[in-house]
Amino acid sequence: MVRFSEISKIYGEIKALDEVSFEIPKNTIVGLVGPNGAGKSTCMKIMAGAMAASSGELYIDNQKIESFSPDAWKKQVGFLPERPPVYEELSVEENLSFWADVFSIKDKKQKTKNIIEKTGLSSVLKKPGASLSKGFRQRLGIAKALISEPELLILDEPLSGLDPIQLDEIRKLIRDLGREHSVLFSSHQLHELEQVCDYYVFLSEGKLVSCGTSEQIKSQSEEPWLCVEFFDDLAQYPDFGKPTRNLKKDSFEIQIQENAGASEKIWDWSRKQNLRIKKMIWQKPDLEQIFRDLNSNR
Amino acid sequence: MNLAILKKDLKLSLFRPSLLFLFSLVSLYLGVQFFYQLGLFSQMVQKSYSFGGTSLLENLWAPYFGQINMILLFVTPFVVSKAFGEEQRQDAMLSLLASPLSSAQIVFQKFLGGWIQLVLLCSLVFLFPVFSLLMFKAAYLPELFSGYLALVLLSAFYSAIALFSGSLFKSFLMSGIFSVLLNIMTWSIGIFFRDLIQFERFDWVESLWIGKHLTNLFVANLSLNSIYFFVSGIFFFLFLSYQMIEQVERG
């Protein structure tokens, strides 16, 4: 398990990260979410050891990072930056061989071979980096991150700029990797993460806004909205002492607990008003809506 | 010691057509210059029967070494200052910082990668003096060694400056220009003190002037002070490069 404890990063007068704390459980895929400039990349760079934190502690299996040698620590963390490192003049095989040398990997040939199979790079092994498609570049970046067989994989925006087929392939690859490694991966598009992640960490303006599983976050969110549409125009709107919005001539939305007999109340009210209900739909906020609300509330 | 970056840099650079072209061009130019100097030297030798002695070291090699210095001053930034920029361009710098390699190891290997290329260039253009030594059957072997040492140290000095410049700017053009300016400054400061202020009053300034130390080595005056000067200059600029990587990249 990796624990990020009250980590801050300050550039001059700007706080890129402000006492952020969260945990990454073993063999879990954690989505790091936030708008651009939220501090996601800074957070990942600190975790990968590419950047120093201004304050705070980082723990791996309850041991402070300082208690590891830099060599041991960095071998436990595999890092794919936002743009994957690809030496364009070197072939895929040579690229991986170089990173294996950088990480002083013993039994380089066998390990490289395993990773190539795992990441589906066999068909482009001899191709130079310059000729790789975006999808294969991401695969090569992920293969590079796996070279030291790390406990934790950090993937910064691994799905950005991919076409739908590549997206599916990389998502599947990440899901597979999540069975053997803890994975932290970031995106500013939540729908990309929802298909892969077990756990979410939401950052905004360098601060931790919320974290937990999808259910935990949804349960903390506000009440759902009930959308009601009528065949006729309304002469007046209902007043149940609850917030209402999107008031149109023939419809409205009301924020009300799903289990509080709300729909019965609406039926009764419309019968009394002599109105025919066309449709009535509960709109539960999805994660994207919740995060958007959390972000706008800040 | 992990030398992965050095090995990769040499593999990528030594077969790069632009570098091979540059080295060929420099060798050709210096070859023409050397044989021109050789012609002048032959005339001097003929005249010397009536006007006094000539020295292979002072009349042929020293001017030639001076020309190599001028070439290195401009070629080194081209070869070395893109060391970090190239890693940035290939999006690999961040991954290197996240690797078990320390910033010092990264800087040192980048320096070695650039320097070795220049040592190869120096060795190539040094064949001309070796040829003249064989031709004249002169007993100047220690002088030849001293000249080679001077060029090797000079190329390391310029490489360290170029590397520092490369750590300051992400743009290859900017780092190249800044590196050339720094090289010129190391020369012009000494010339300024020598010609305008007179060294007699500023002995300590003279000891910081690259020209004095280079001339010492070119004329086979192998003083430890001159070697110290180059080695400390090299480490000074490598330290600055290390600081830049630590401060700017690692934050």
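In strand 8 of chain A, Leu184(A) is the bridge partner of Ile154(A). This model is predicted: local features need pLDDT of at least 70 and side-chain atom pairs count only at pLDDT 80 or more, while totals for chains, interfaces and linings use all residues. Residues are numbered from 1 along each chain as its sequence is written, and chains are lettered from A and ligands numbered from 1 in the order in which they are written.

Helices (H or I, at least four residues) and strands (E, at least two) are DSSP runs, numbered from the N terminus. Two strands pair if DSSP finds at least two bridges between them.

| Strands (chain A) | Bridges and direction |
|---|---|
| strand 6 (residues 77-80) and strand 7 | four bridges, parallel |
| strand 7 and strand 8 (residues 182-187) | four bridges, parallel |
| strand 1 (residues 2-11) and strand 4 (residues 55-60) | five bridges, antiparallel |

Which way do the side chains of strand 7 (residues 152-155) point? Leu152(A) and Ile154(A) point one way, Leu153(A) and Leu155(A) the other, and all are buried (20 or more other C-beta atoms within 10 Å of the residue's own, with C-beta atoms placed from the backbone). In a regular strand, side chains alternate between the two faces of the sheet.

Now to the other sheet. Four strands form an open sheet in the order 2-1-4-5 (chain A), with antiparallel pairing. Its edge strands, strand 2 (14-24) and strand 5 (63-64) of chain A, each pair on one side only. Within strand 4 of chain A, Leu58(A) is the bridge partner of Phe4(A).

Technical notes
Buried ≥ 20, exposed ≤ 12 C-beta atoms within 10 Å, placed from the backbone.
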